[in-house]
Amino acid sequence: MNRDFLPNFKYIFVNPFFITRRFLFLYIQKLSVHIRKGKLLDIGCGTKPYQSFFQDSEYVGMDYAHGINSTNPVADVFYDGKNFPFKANTFDYFLATEVLEHVFNPDEFILEIKRVLKKGGIGIVTVPFVWDEHEIPYDFARYSSFGIKAILERNGFEILEQYKTGNFILTLGQLFCTYLYYIFSRKRFIYKVSLPLIFAPIQILTLLLSKLLPENHGFYLDNILLVKKK
């Protein structure tokens, strides 16, 4: 697995986005127990960072057929932006992590997920609430906990579990690291040196402060949902 996605604390010294990656990893791992034997579609699979959680499933990775994802060497199939290349009721499960913010027509997209999913099928969905623009120009939305719940429910999904990752302090600390990343990553040597000397101390301090100061979950990093097709 790509170390950028691993939650072990030693990776805080090499990953400027450790905080957000750690919480995504842990929540997806927690919800993965609901996905057992069957056929699973990883939508917007990228490098398939969570595939190891689903060893009992027949795992199919699908990515977008345009832009930087069109040459993804680990994707099994590609999506043309309109129709998933599968018959109705093909999959028992699906995974869509950090994908919906890149979809211009989310209702149509979610209905495609519903179409290829069997009745009662289970899925894990994650979307950012606070994050910088990325994969430009294919970055179209951010979702509150209420917004993502509403859009999934109106397109035929039941929300089984829902979580927020991070809190006010964790989000501020991670955003500050993101800001510094754009400054230091311009020079490879400076960036490599800054990982243990600047990014790691900031993230460690952020994690400590998040434990010591009063929590506020109105400002957070990601929404994580476990959903079921009605």
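**The cavity**

Guide: The largest cavity holds about 30 Å³ of space. The model is predicted.

Visitor: What makes this space a cavity?

Guide: A 1.4 Å probe fits at its points but cannot get out, so the term is cavity. The count is one cavity of 30 Å³ or more.

Visitor: Which residues line the largest cavity?

Guide: Phe 94, Ala 96, Leu 100, Ile 110, Ile 113, Val 125, Leu 152 and Phe 157. Two elements, β4 (91–97) and α2 (106–116), each give two or more residues to this lining.

Visitor: How do you know whether the lining is nonpolar, polar or charged?

Guide: Ala, Val, Leu, Ile and Phe are among the residues that count as nonpolar. The lining therefore divides into eight nonpolar, no polar and no charged residues.

**The sheet**

Visitor: In what order do the strands of the open sheet lie?

Guide: The seven strands run β3-β2-β1-β4-β5-β7-β6, with mixed pairing.

Visitor: Why do β3 and β6 stand at the edges?

Guide: β3 (77–79) and β6 (157–165) each have a single partner strand, so one side of each lacks a neighbour in the sheet. On average, neighbouring strands are turned by 20 degrees against each other, direction ignored.

Visitor: Where does helix α3 lie?

Guide: Helix α3 (residues 145–153) lies across β5, β6 and β7. Its direction is at about 160 degrees to β6.

Definitions and conventions: Residues are numbered from 1 along each chain as its sequence is written. This is a predicted model: local features need pLDDT of at least 70, side-chain atom pairs count only at pLDDT 80 or more; totals for chains, interfaces and linings use all residues. Side-chain values use heavy atoms; hydrogens and water are left out. Two strands pair if DSSP finds at least two bridges between them. Helices (H or I, at least four residues) and strands (E, at least two) are DSSP runs, numbered from the N terminus. Axes are lines fitted to C-alpha atoms, for helices over the stretch in contact, and angles run from 0 to 180 degrees between N-to-C directions. Contact means heavy atoms within 4.5 Å. On a 1 Å grid over the protein atoms alone, a cavity is a set of points where a 1.4 Å probe fits but cannot get out, and a pocket is an open set with protein on both sides within 12 Å along at least five of seven lines; lining residues have an atom within 4 Å of a point. Grid points are joined across faces, edges and corners, and a volume is the space filled by probe spheres set on the points.
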